[in-house]
Every structure is written in C-alpha cells, then in structure tokens.
Amino acid sequence: MRETLAGPRVLLRRLREVMAEPIGAQERLDKIVRVIAANMVAEVCSVYILRADGALELFATEGLRATAVHRATLRVGRGLVGLIAAEARPLNLPDAQAHPAFAYLPETGEEIYHSFLGVPVLRAGRTLGVLVVQNRSHRSYTEEEVEALQTTAMVLAEMFAAGEIEDLATPGADLDLNRPFRLEGAVFAEGIALGHVLLHEPRVVVTQLIAEDVEHELSRLEEAMRSLRLSVDDLLARGVEAGQGEHRDILEAYRMFAQDQGWVRRLREAVAAGLTAEAAVEKVQSDMRARLSRSADPYLRDRLHDLDDLANRLLRTLLGRPHGPAGAAMPSDAVIVARNMGAAELLDYDRDKLRGLVLEDGAPTSHVAIVARALGIATVGQVDNVVGLAESGDPIIVDGETGEVHLRPPGDIELAYVDKVRFRARRQEQFRRLREKHSQTRDGADITLMINAGLMMDLPHLTESGAAGIGLFRTELQFMIASSFPRLGEQEAFYREVLEGAQGKPVTFRSLDVGGDKVLPYIRSHPEENPALGWRAIRLGLDRPALLKTQIRALLKAAAGCELRLMFPMVTEIAEFERAKQWVHSEEEHLRRHGHRTADQIRLGAMLEVPSLLWQLDELLEKVDFLSVGSNDLFQFMMASDRGSTRLAGRFDALSPAFLRPLRKVATRARKAGKPVALCGEMAGKPLEAMALLAIGFRTLSMSPAAIGPVKAMLLDLDLEPLSRRINAMLDENISASELRTELRAWANDERIPV
Ligand code: PEP
Ligand code: MG
C-alpha cells in the first residue's frame, strides 16, 4: 500500500484515524509505520522502544525484515538509534553509514539504505523510544519533514504512556516507561512512607492531539497566549503588592517567556503542522525539556522549571481548568510530589491521608519542612527531576532516614521497606519506653527536653514523647491556615485549648512571627528586596499595635489562673522588647480594670535570632525573664545564608566554631545572670548537634516531637562533664566544623552513645 506525499496535516489526519480504530496495539503500531512511510515517501519506517534494561527493541517496521521485530535490539548510546535515545535529539543524515556511530544490524537487512532520519519519542523530557525513516537514495530530509516526524513521535508517546504497548515487549523485558527509579535527596523530615504519588501540580494530560481545523487551533492558541500574558501581569501586580521578593523574580521570568518570540513561534509552527493547540504546547515543552535538562547550568535548569510552570498554565487555560493544587482524588496513603510549596499549601491536604512529601527544591529549615516535621510526615527534598518522572498514582517510598526516594519500587525493595518500617516501629517503641525515664545525663546533669508546636494536632505529641513542655509554640501557624484574621475570641479560645491540652506542662508562646517568607494572604504587605531582613515579626507587631495587642490580650485571657510564658521573635534592640513588655502590662491592667481574670504569673522572654543581641547580652538578660535562641534565623543571619535557599542548604555547618562560640557565650552569660536559656531551632533535634549544645552549656532544648526520643536516648548514655571539657577546649583552638563533627562522632562511637 502506498500513499502519495501530502504533507504533515494529512499524515496526522491518517494517524488520528489509525489511533481511533478498535485494533490491537501491535496492529496499530504496524499501521502507523506504514502510514508514516507512505506519507514521507520513505522506504523504511521503524519504531524502537526503550526497555528498562537499557535496550532499544524494534517494535514495528515497514521496510526492514519483519522477522527482526522484537528481536533486533540496540543499546542506548550504540548505533544511530542509540545515539538519538541518549542525546534526545533528532539525527538527519544523507549518508548514515558514513556516520561514526553507525552500527549494522544484519538481522534487519538495512545495509541498502543510505539516508536516515530519526527522532526521539519524548514524554516530559524523557526518552521512551526512537522513530526512524530511511531511504535508499542519498537524500536530505527537509526541516518540515523533521518537524512532521517529531510531531508523529508525540502521538506515539501518548500511545505508549496510555499503557497500550506494555504487553508487546519481549517476555521478561519491562519497558523503561515503567522503570523503577531510585532517587536521592536531602532529609527534611524523619520517617518512612510507603504510598502513592499525588502530584501537587498535576500534569495536564492532552488527549486530543491532532487538529481538526488548523485555523481554529491557531486562534485558540493566540487567545490562550493573550490570557496567559494578562494573568502573568496580574500575578506580578499582586505579587508586588504582597511583596514576595523571590516569587517576584520567578514571575518576571514568566513574563519574559510569555513574551518570548522564539517560544511563541515554535508553538505556532507546531499548530501549523497539524497539532491541536494543547498538543503543540506539550510538544514544544517536551523538546525544550529534553534539550535543557541535559544542561549542567543551574540557571538554565531553573528557567526550565519556570517554562514548565508556564506551559502548564497555558495548557490549563486551553483546557479551561483552573490553576491550583491537585484536583485528583487523594489516595489514602498519599505522598505529595512537588517542585516546592508553601507551608500553608501543605496544610491544605487532608492530614489523615498524608504519608509523605517529596520536593524537587526546598531547604530543611524552610517553613514547609518545619510544618512537615510537625505533622510527622516523612519528607525528602532536593530530589532532582522527581516531578518529571512521577505520575499521580505511581507507587513510591520516601525514606526520611537516608534521603532516598524509590519511585515504582520493585517488589524486593518494597519488602525490604516493610521490614524497615517494622524495625522503626520497634525502635519507636524503645523510645516510648524512655518516655518515663528522668531526662538526665549519665553523670547527673538534668536536661529539659521540650517540643516545638504550632497547631492543636501537635498537642498529643506532648504526652506521647514525654517532653517537659512546649518550648516554642509558633502562633502564626494558626493565622496561616485561617482565611481571614482570627478575631480576639477565636484566638483566646485557641490558646486556652492549647493550655488545657498541655495539662499543666509549661507552654512558651511566641508572638506572631509573620512577614519574611510567612505571608498571611489577608494582610497587605509591601514589596521588599530582602524580606527576611525586612518588616517582620516583632517589627511588624510594634508597627501594628492592634494586631499585637489583640494577640497579647487573647493570651492573657486564655491563661487566666495559670502562668503565661510569652516570647517575642526577631528582637534586634532591647527597646523593642521593653515596648512589647510594656504593652503586655498595660493590656493586663486594662483587662483587670474591666473585671477579667488574667494570667497568675507572666514570664516574658526574647528570642535571640538577630546577631545584634550578642553585643547587648548583659543588658538584655537584665530585662528578660528568659531567652530562647532561634538558631535557624540566628544561623542564617550570622552566615548571611538564606535558610530557604536550596543551593546554600548544607553549605555551612551549624557546628562551626564561628557559630558555637557565640552560642557558648549566650549559655554562660545567661547562667551567670540566673536567667533560663533554651535553644529551639532545628539543630536542637539532631542528636550530634544536641550533644554539642549540651557540651557548651545549654540545658534546655526544644525540638520537633519526633526528635525527643533520639535526643533523649543520646543524653541518657552521655557523660557530659568530660565531653564538655573536650569540646570547649577544642572550641578554644583553631578547628573546623568538620573536625568537631568527627570528634563528636568518634566520642559517641567510643562511648556507645546512640546518635
Ligand atoms: C528559629 O529561627 O530558629 C526559630 C525557632 O523560629 P522559626 O524557625 O519559626 O523562624
Ligand atoms: Mg525564627
């Protein structure tokens, strides 16, 4: 059967007919290669599909020997077909045999063909196979032909992804499409999760690929582009209002792409070649992904992310679907997979069904990571390309011990993890048994372990962990999940519930810490170059008396008849603390005057998060009832290193003498002044870091509930006195963070201290 050359549109129309026919997968593939060969006046058209073992298997051919189908294979990187798969780039050769990569497969009988055009079959930037046409003559294929073949490859990609060809592969050889992946990232939250993927921003699946009416598709594309540009401008305007610095950069990049003529031209060309507008978006994006994802340049890779987002937006606009998080039904064991997300977005998911979280970006001290730890869901971040590889519904394992993520894990890995989960449960049981033990080092130093909390659901952890109290209650979380500003009565009821839930154990509330990366949707903020150094926390509170005073009043009323511990975040100058303190007292007086009961005792503290306080320590200690070191912020400011930056995460070590020396000074001065001091940043929850903190004089640590067991297990076996001498002596010398880390580890090893 031969058809006449009739251009890509006719080819696509014919393909659409073949796709719609009620026939088996092999027959469909056979027909497809025949249609392509006829349309492109090629003597050969072949489809190779990538298997999980790295072989490209010939699945269908017109022109080569039929007996070679499912027999002939090439490895990725070998031969021209292997080269195309490896590089995810088309190859257009008038004389294929002259190419150095040419490998002759005798079983196919292809020696008589000279010219060769091959394109990768791509989906989300991944190579699924290779589509080839060949001719006897030394001909050069035109640009249009290359385009047409690429477009055809897209149709194939959809067919592959729809699962139609799974059963065709040689028995025992799985397709690469369903290949298991083992990915590595950084641990953001401890725990192990076995579950199923839920893409936070689900990929839009385009089912209608081939245009019925090209003019109509072109005008749909133009319309969608126009609306995309408007929505990006609008987002940008709103982003400016909300003052989201980093977000703004991303939006600017969006705007740049949305106006980019190269991108728009490629989209138009793909539609002109016969694709629907949405298929064109997918094709151009897939090509772009294939090209850019091989780039080692982090800047380019970031831009690729931006482009992905933009393409997704465009697709949603075309399909009339709203933007926003996953609409798909949430599996009962959901593992959310996302590029990155805010803490509030994570809280939007049904906690009962949430098992794990995997992020492509992020940093362990970012707020989403802190919330994930508070929720007790295993989280791994900085996992390269996981969004591109995962599909909603895929089985997945998140190992929040090693930082591994197993996508579509093979059976033996899954079994190993079922074992690991059992083992962890046993260890948790051991930790639970420690719960009743007095928290004291082997040589008799009493250590107070507290938990960090922020939502009602954290309260049960207090009893479960056996912690002495809540050392940091992040009040802003309640504000972040509310859709409007919580009124006085609501706040009061909430704080009372927290105090009741704590059953007499002390709770240290922190006043609202918003601004910076913690944005409240209902509070207007202003654009800032450096939000972390900007109008946030106590600065915002003092400038918005109604806001802070309402919170103070709510806390005072909630603590009626008991003690109120309250601390203020981001204090930079003593005067700020004094002013806040004055407000507490005037609110108290006001309440009493109006016949309300308030707290029996008020203890007010400052968080030490801004380095300037290190030079005002003695004066500060005179004014406060207690201090709490917020090491997350203090570290970011001391090291001038954004706590949310993916690239800087792990670059500087909290065990650095530059950080530990001032911390030691804080502990020493506080002891001298007779004022309690605690540390409530993330480092307190890591056994090795906690060991160092005890050694330099801290006796109260506040951490995520899951960390209490491991830290307690460490300290129960610790002889603190000799370790203290050793670490303090080392700190007085010229040592590095890694030497200190090695020393602590060796110490723990020798003394059989579990860390
Ligand atoms: C800190 O900065 O260390 C801290 C405990 O506060 P947050 O992490 O909420 O900023
Ligand atoms: Mg802080």
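## A residue to start with

Does Glu609 count as buried or exposed, and what is its relative accessibility? At 2%, Glu609 counts as buried (under 20% relative accessible area; exposed is over 50% and partly exposed in between, with a 1.4 Å probe and protein chains only).

Some ground rules: this is a predicted model, where local features need pLDDT of at least 70 and side-chain atom pairs count only at 80 or more, while totals for chains, interfaces and linings use all residues. Residues are numbered from 1 along each chain as written, chains are lettered from A and ligands numbered from 1 in written order, and side-chain values use heavy atoms, leaving out hydrogens and water.

## The magnesium ion

Glu609 (OE) and Asp633 (OD) coordinate the magnesium ion, ligand 2, at 2.0 Å (donors are N, O and S atoms within 2.8 Å of the metal, or 3.2 Å for Na, K and Ca; water is not among the atoms, so sites may look incomplete). Glu609 sits in the loop between β19 (601-608) and α20 (617-623) and Asp633 in helix α21, so the pair ties together parts 24 residues apart in sequence. Asp633 counts as buried too, at 2% relative accessibility.

## Around ligand 1

Now for ligand 1. Here the polar contacts are pairs of N or O atoms within 3.5 Å. A polar side-chain atom of Arg643 lies 2.7 Å from a ligand oxygen, and a backbone N or O atom of Asn632 is also 2.7 Å from an oxygen of ligand 1. For Gly630, a backbone N or O atom lies 3.4 Å from a ligand 1 oxygen.

Note on methods
A polar contact is a pair of N or O atoms within 3.5 Å; within protein, one must be able to donate a hydrogen and the other to accept it, and residues adjacent in sequence count only if both atoms are side-chain atoms. Helices (H or I, at least four residues) and strands (E, at least two) are DSSP runs, numbered from the N terminus.
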